[in-house]
Structures are given as structure tokens and as C-alpha cells.
Amino acid sequence: MTTASTYRAARRRDSGGVRALYSGNARAVLGRGLLATRSTNWWIVLTGVFEPIFYLLSLGLGLGGLIGTVTDSAGNDIPYAAFIAPALLAVSAMNGAIYDSTWNVFFKMHFGKLYDGMLATRLGPLDVALGEVSLALLRGAAYGVTFLLVMQALGLNLAWTAILALPAILIIAFGFASLGMGITSYLKTFQQMDVITLVLLPMFLLSATFFPITVYPEVIQWFIKALPLWHGVELVRGLTTGALSVAMLGHLAYFVGMIAVGLIFTTRRLRALFLD
């Protein structure tokens, strides 16, 4: 019996306690991920920063010159660029979190075999989940903060509450990252990973990103309102335009629930894969 399998057997015998799930050292997983990103993946992170900016310049400022103004949820007319900018901000936070919690996790799980080594130590599945989710969270935050600064420079933050978009995008990134890692653990091939893009692209286009949700038939509107990105777009858009409402608490609660479900789901999945 190998050292790793011997330790796993001991972990299974002690699996009745919290220590089998969490050792309080998620920062070790996060630190390892930051070192790897700094040495090999920094240029990929950089390209992700510019993608939403190009969308904003071409559609918000270019096409927006032809469209003029759009009515927000409070009934106010705002520039088209100010309408799509917060949506792209939510999308950038989602994309940053999803990339790290899906493709990076896929490679670490199936090619690098990193989680086998991590869970052969005193790290528990919750340590690994929190560490990887935190890494994805930082990436989503980097994308979001950069884009928010661009919005400020272009005068697209229409209210002082735009500063609250910073914690909002962290919550959005956290929600997508926590759930994305657990889903990725079920995918075995590159073809299966394409399903993630197949889901994200329609959600990106439909979630009131470029048009008010009222342009869709009512049946389609209910479908869109069930999507997590729509809640993120509405939350950020309300903060950057100043169109605040009680409904924003519902959007926030959606992501809090998404985070809780995602962490529980991912922790149980990692434990089933590597410790049971």
C-alpha cells in the first residue's frame, strides 16, 4: 500500500470529525495557485481583462451612438453605454471566476493530479474547495475592478452607489466559482467541457446584457430570471445607475444561496472522489 493510500485509509477511519473535511489551511492551496499563475498564466489573465472593454467600446460607445438612451428599471433614460457597462462588469466577474473554477480545475484534476497529492496530506476537501474558489474569486475580482475603473474613467458610473459594485462582483464571482468547481468534477473529456461554453454563451446574450428584459416574451422573461447572470446584472446595474430597489435584496439572496449550495456540493464531491 502506498503512502497516499495509507493516509487516505487513516482519514477514512477518522472521517467522523470536522478535521477530515477541513484543516484550516485553505491558504496553502490559494498560495500554490497564485505562484503558478504568476509564473505561467499571467498573460491569460491579462487577455481576460481586455475582452469586456472591447465589448464596451464597440457596442456601448460605437453602437450606443446610434441607439441613444435606454430606460432603466426605475424608468429613467440613461445612455446605452451606461446600460450595458454594468452588465459587462457582472459578466467579467463571472468569466474570471468560471475560467479558474472549471478549466484550471479540470487540468489539475485529470492531468496534474494535484488534488490526489493535496488530499494525501492533512488538507481536507473543504480546504481544497475554499482555496480553489478563493483563487477564482481573486481572478473575477481583478477583472471586475479593472472594468469598474474603466467605467469610472468614461463617466459611466451614474451614482455614488457604484462603489458598492465592488463587493457585489465579489459575491457574483464567489457564486459562480463555488458551483463551477463541483460541476467540473463530473466532466471527463474536453468535449464535455465544451458544455460549459454552451451554457455560458446564451446566458451572456440573454440576461438583459444588451437589451432590457422587456423585449422578450413573458415566458422567456421567466426563464431568464431563473439564470444566475441575470441576477448579477440587475444587482450591479442598480448600483451603478442608482436605480435602487428592494428587489436587489432578492438578487443578493440568490447568490448567497448559490455560494452555500456550491461549497457544500463541491466539498462532498471532492470527498467522494478522493477520500471515500
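In this predicted model, 15 aromatic pairs are counted, where rings of Phe, Tyr and Trp (its six-membered ring) pair if their centres lie within 6.5 Å, and where planes under 30 degrees apart count as stacked, over 60 as edge-to-face and the rest as tilted. A pair of aromatic rings is described by the distance of the centres and the angle of the planes. The model is predicted, and local features need pLDDT of at least 70, side-chain atom pairs count only at pLDDT 80 or more, while totals for chains, interfaces and linings use all residues. Residues are numbered from 1 along each chain as its sequence is written, and side-chain values use heavy atoms, with hydrogens and water left out.

One of these pairs is formed by Tyr 55 and Phe 204, which are edge-to-face, with 5.5 Å from centre to centre and 70° between the planes. This pair links distant parts of the chain, since Tyr 55 belongs to helix H2 and Phe 204 to helix H7, 149 residues apart; helices (H or I, at least four residues) and strands (E, at least two) are DSSP runs, numbered from the N terminus. Phe 204 counts as buried because its relative accessibility is 10%, whereas Tyr 55, at 30%, counts as partly exposed; buried means under 20% relative accessible area, exposed over 50%, and partly exposed in between (1.4 Å probe, protein chains only). Tyr 55 also pairs with Phe 210, and because the ring centres are 6.4 Å apart and the planes stand at 40°, this pair is tilted. Phe 210 lies in the loop between H7 and helix H8 (218-225) and Tyr 55 in helix H2, so the pair ties together parts that are 155 residues apart in sequence. Phe 210 is itself buried, with a relative accessible area of 8%.

Elsewhere, ring pairs link Trp 103, Phe 106, Phe 107, Phe 111 and Phe 190 into a cluster. Rings also meet charges: the charged end of Arg 237 sits over the ring of Phe 83, 3.7 Å from its centre, and that of Arg 269 sits over the ring of Tyr 186, 3.7 Å from its centre; the criterion is that NZ of Lys or CZ of Arg is within 6 Å of the ring centre and within 35 degrees of the ring normal.

The largest nonpolar core holds 52 residues, of which Leu 89, Met 94, Phe 176, Leu 229 and Val 236 touch the most other members; such a core is a set of buried Ala, Val, Leu, Ile, Met, Phe, Trp, Tyr and Cys residues joined through side-chain atoms within 4.5 Å. The largest share of this core, 16 residues, is supplied by H3. Leaving aside neighbours within four places in sequence, Met 94 is in contact (heavy atoms within 4.5 Å) with Phe 176, Leu 200, Met 203 and Leu 229. Another core, of 12 residues, lies apart from the largest one and includes Val 105 and Leu 119.

Overall, the protein chain has 10 helices and 2 strands, and buried residues make up 47% of its 276 residues.
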